[in-house]
Amino acid sequence: MKKLLFAALAVALVLAGCGGGGKSDVVKVGWLGALTGDQAVWGENELNTVKMLFEEYNAAGGIEVGGKKYQLEVIGYDNKGDPQESVNVTKRLTGQDKVVAIIGPNSSGNAIPMAPILEKAKVPDIATVATNPKVTVQDGKVKPYNFRVCFIDPYQGAVAAGFAYDRLNARTAAILYDVGDDYSQGLREFFKVNFEKKGGTIVADESFNSGDVDFRPQLSKIKAANPDVIFMPYFFKEVALSANQARDLGIKATLLGGDGWPSDQLISMGGKAVEGSYFVNHLDYADPAVQDFKTRYKAKYGKETELNGFLAHDAVLLFVEGLKKAGKPNGEAIAKALEGIDIQGITGRIHISPETHNPEGKDAAIEKIVNGQYVFQEKYAAQ
Amino acid sequence: MAAILHIRDLTKKFGGLTAVDAVSFDVSEGGIVGLIGPNGAGKTTIFNLITGVYKPTSGSIEFRGKSIVGLEPFRIADMGVTRTFQNIRLFKNLSVFDNVLTACHLNANYSFAEAILRLPRFRTQEKALTAKAEDLLGIMGLLGYRDLIANNLPYGLQRRLEIVRALALNPSLLLLDEPAAGMNPDETEQLMRLIGRIRNDFKLSVLVIEHHMDLIMGVCEHIVVLNFGEKIAQGTADEVSKNPQVIEAYLGTSEEAADA
Amino acid sequence: MVQFLQQLINGLSIGSVYALMAVGYSLVYSIMNFSNFAHGGVIMLGAYFGFFSLTLLKLPFAAAFLLASVGTFFVAIIVERVAYKPLRERRAPFLYFIISAMGASILLENLVIATIGPTFRTYPEVFSKALIELGPLAVGRLDLIIFLISAVSLTLLILFIDKTKLGKAIQAASYNVKACALMGVNTDRVILTVFGLGGFLAGIAGVFFGMKYTVYPQIGNITTKSFIAAVFGGLGSLPGAVLGSVLLGVIETFVAGYLSSQFRDLIAFVILIAVLVLRPTGIMGKVTEDKA
Amino acid sequence: MDWTYIQGILMLAGINMIAVLGLSLLTGFTGLFSFGHAGFMAIGAYVGAWISASPASTPAGLGLPFILAIVGGGAAAGAVSYLIGRISLNLKGDYFCIATLGFGEAIRLIFNNVNRFGGARGWPGVPGKSTFVAILVADVVAVLFLANLVKSRHGRNMIAVREEELAAQIAGIDVFKYKMISLIISAVYAGVAGVFFAHYMTFIQPKMFSLTKSTELTIIVIFGGLGSISGSVLGALVLTALPEVLRAFEIWRLVFYGAAVILIMVSRPKGLMGGMELTPSGIRKVVAERNALREAKAKLLAEAQSGEED
């Protein structure tokens, strides 16, 4: 039994090792993200996007780098949304598959532990929606091989707080957040700080645990505090459930959220409960710049792209630009080249700051849900 | 002779049921005492009370003049009271040798650190333990089964192994709960002789529960008879067998047994 | 006062969901003396069965409800046959049952992810979501219906166990499976019945859960709570499971509502452990003194 | 084959192995079943990170040497396990399980709420001190310690508790004490594994130490075989590598994993090693047991035949 297992293990590892042959005119790019687990929808969407764009580049003859045409190949692995698996996958991509760059993952917890491996292997990573500041900067020092195309939590929190205070004229706010989720805790913290700085009051600060489905105890407490807005910095399933339950309890306050909201399912599940709510987004869905990508994606995969697809799209754009600028398919050169790049992505202008590796000054879009549609309100930049 | 075990007014109630009702008796130093009575008379309960498995509702149990009521079973065992079980409780997945070796642990006192670093005291004491375990197995005629997993041992030998395991603790009082259950007359006879020999060789006292009257009559110097939790008689084999209450209790049960 | 009553309603409504799940655990525990962690997976399948009966087959609610319960009835029996029966025959210790149950739970959850997909699905609106408002208090209609159907099915279950011959065999087996086998009770059939019943209840729980909170492959995880509730009430006791669930629901709600939502589960666990220290077999668990 | 990748998997397996060996003492040798050992790993990971992280980083640490982190992380987990044990070791079977489950979840909840340690957002910037050699040394020490413990009167007493609690009591074994010692040692192992894990990942988050992690450890112990140290070692290696091998199956891999767990339980319920040790003395023991069984059968058969002849 044991021998058999070992043999199987050895064979499988060897087979896996022989997988990628070394064709010289192909640039291999890694992707990692969740293909299983509750984040799988987004992972799949990102990987599909990268695949589609690479196919398009290749069909057009490839990318010219340093006077030579290269084809692009993506090697995508599932990390189950688990940091430990992200480490495994990163080691596999950099060590075994010898990719020149990695795109993803879609969560900060999965992106942060990749840093030492990337540094050792000298392979840059472009995160899609990892919004924790510590993905690219730790203790005031920028991590040389970590980049991203999205804005960060402090910014998003400041946008939400500023919008609530200045545009919605909210003076009291309640927060409901997922205490077990890093993204949710981050947004809650920065919303709270910024809203109070503006002069507003947080009248209730309640939490739930990842996996909870009933929020009425917390909402009843929030109802008693009677806030102008309720900030809900978590993902759409919980948003829909908590919004429904809030309305059931007779809470009339305006709901406000972050980039965990946008999804078709929010509308179908949330229905009337999320009507009139606002959320901070990375882009305006109605923006003419994104329509072409939306159509191409739908034509290829038969379904709408999620939010992650747009950011994966821009991550690919950024990578291709970096590759061209580097002049050779080499991780170290690409990392150098990415610093300071300034391109127009479909989610906005992406200017990678050499100090933070973040797309500095990227506007956030505020959307409102009206008649079951996302209606763009304004580009809002926090001061 | 002085009493090694001194029981007075021992009572145990389970909810509304009185399993043992104000029972008193002694086991004399070096004596073999039989505890008999129909099913449900409270015999095993008394064993459980003596060994600390149950806490008595009231009454006293003194071992060598010291109360052992309320002590945990392992402390009572440590003091020198040990037992076997009616439904055998061996360390089933361990070998015959390991069963005995485990129970020998009171003969060693090396510490955790000494064990983990394999220090000299560990080595010498372990050697001594092995020797003792093999000795005991030899005396009881089980050495031939040294490496057999206890569960694979024939039933009669399992009972014998349980006795060996008890002896490994160097007890001064041994409680045997139906040691002859499931044995044929031949084996019972062997066991009878064995119990006598153990008493003499190991210099201990024995309290034995048994249904086999041959065994009881043959080996016990003193007999205590229980019925419905109460002591109804005590004395020598002769005295007890002539006691009308005892005869009635036994006849009664045999009728009930026939009904069932 | 209003908030107190509203929180009490919230707690009871959460508790009644736990109860439907916990009873299935307790039922199996009473016979097999192990915690059937695959129960969560069966509940999850029940939610999916109900969902597809309503959306794909377009069945009326009652039929969908029945189909889901019958479906999980068979799933539970299959799980028993595949994952537990061989262990039973080998008289494996309870650890093995639990591990096998975990395997089944991992298998069921990921099978659904692989075949149906990881996305959440919303039940079509069967009952109007309108609220029953008692002054400032709000009671969900769905909550009320769930509460009533749970009460009816639990009563039927208790009647079944008390009044029928098979039920009595189950009761007897819950005291001593071996003795029952010796006395000619077909324990295999009793065990199958218990799993089937547990599965049937899982179907009911799954459909209600789905209606209330949507359907997704990780529903099974929430059953950790109902497992705790079952332990709280005393494993193996059906009324205990119900009581434990309601208490857990109410305690959680009040802790979140009045003390701290951040530490809600922590405080709930502390209370659980305190109960276990004071009553080592839960509130209504069968107390057995280890017989020598 | 690339060494960094394989080394990474081996390091993870080595870290898991430490925790699994500890749990093996508790579950495999003492017969107690825990759902909370990820909690002890979390304590080890956080205390270890706190001891070794630089005072200049956020969250700030003490900047002490790695070896102190290992000692501190292990000791902290052991100390907490003592408190848990005092409360819950008297509970039986599933009730003890649920108490450990509650404890494991409680630890995670606490770390989620402690902002000093980064809360749910985690603790980045833990120094990457878990080298391959360090893990290898720790594994060797862990195995030797456990093997020597198990083959001593203390280890035998624990096994006796697993086999038959009441009989162990009657044999003069302080059951509670040995359960407690077993729990503490297993928690120290888990704590040390947590320290290595934190310094391997360089980033820790409370959700890494979930119930799933606890059950994974238990599954490895059972897969390897209760009461076998070699089984735990092999189990940790095989089951840590298995998901990587199954990576090719993508979404189906956890389905296979679940099916494999059931299959192992059903077809080989004693696990990979079934209480056997892969050492010369372990093999000799098994051979001796087999021979003894054969001899005993022969003896009984002979007796039965001679009985018939009479």
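## Two domains within chain A

Between domain 1 of chain A and domain 2 of chain A there are zero salt bridges. Polar contacts do occur across this boundary, though: two residue pairs qualify, with both partners at pLDDT 80 or more. Please keep in mind as you look around that this is a predicted model.

Domain 1 of chain A puts 11 residues into the contact, and domain 2 of chain A puts in 15 residues. About 1000 Å² is buried between these two domains, with 61% of that area coming from carbon and sulfur atoms. On the side of domain 1 of chain A that touches domain 2 of chain A, you can find four nonpolar, five polar and two charged residues.

## Where chain A meets chain D

Now let us step from domains to whole chains. The size of an interface is often given as the accessible area lost when the parts come together. For chain A and chain D that area is about 3900 Å², 62% of it on carbon and sulfur atoms. The contact involves 44 residues of chain A and 45 residues of chain D.

How many salt bridges link chain A and chain D? There are three salt bridges across this interface. One of the pairs to look for is R121(D) with D153(A), a salt bridge whose closest N and O atoms are 3.0 Å apart. Four elements of chain A give two or more residues each to the side that touches chain D: helix 1 (2-18), strand 3 (68-78), helix 3 (83-96) and helix 7 (182-198). Helix 3 of chain A has the largest share of that side, with 10 residues. Sorted by class, the side of chain A that touches chain D holds 18 nonpolar, 13 polar and 13 charged residues.

## Where chain A meets chain C

Chain A also touches chain C, with 31 residues from chain A and 32 residues from chain C in the contact. Together chain C and chain A bury about 2500 Å², and 53% of this lies on carbon and sulfur atoms. Which residues of chain C lose the most area to chain A? They are F120(C), Y213(C) and Q262(C), which together account for 25% of what the chain C side buries.

Two salt bridges are counted between chain C and chain A. D143(C) pairs with R216(A) in a salt bridge, with the closest N and O atoms 2.6 Å apart. Polar contacts between chain C and chain A come to 13 residue pairs, both residues at pLDDT 80 or more. Several helices of chain C supply at least two residues each to the side that touches chain A: helix 1 (2-32), helix 8 (187-213), helix 9 (219-233), helix 10 (238-259) and helix 11 (264-278). Among these, helix 1 of chain C gives the most, with six residues. The side of chain C that touches chain A is made up of 13 nonpolar, 13 polar and six charged residues.

## How confident is the model of chain A?

Chain A has an average pLDDT of 89, and 93% of its residues score at least 70. Where in chain A is confidence lowest, and where is it highest? Helix 1 of chain A is lowest, with a mean of 48, while strand 11 (residues 229-232) of chain A is highest, at 97.

Residues 12-23 of chain A have a pLDDT below 50, and in the model this stretch has nine contacts beyond near neighbours in sequence. Where pLDDT is low, the predicted coordinates should not be read in detail.

## Backbone details to find

In chain A, G104(A) and P105(A) are joined by a cis peptide bond with omega about -5 degrees. P105(A) sits in the loop between strand 4 (101-103) and helix 4 (108-111) of chain A. In chain D, the bond from T58(D) to P59(D) is cis, with omega near -10 degrees. You will find P59(D) in the loop between helix 2 (37-52) and helix 3 (66-88) of chain D.

N226(A) has a positive phi, near 50 degrees, and is a residue other than glycine. The loop between helix 8 (216-225) and strand 11 of chain A is where N226(A) lies.

Definitions and conventions: Residues numbered from 1 in each chain as written. Chains lettered and ligands numbered in written order. Predicted model: local features only at pLDDT ≥ 70, side-chain atom pairs only at ≥ 80, totals over all residues. Heavy atoms only, no water. Contact = heavy atoms within 4.5 Å. Buried area = accessible area lost by both parts, 1.4 Å probe. Salt bridge = Lys/Arg side-chain N within 4 Å of Asp/Glu carboxyl O. Polar contact = N/O pair within 3.5 Å; in protein donor to acceptor, adjacent residues only side chain to side chain. Nonpolar A, V, L, I, M, F, W, Y, C, P; charged D, E, K, R; others polar. pLDDT = per-residue confidence, 0-100.
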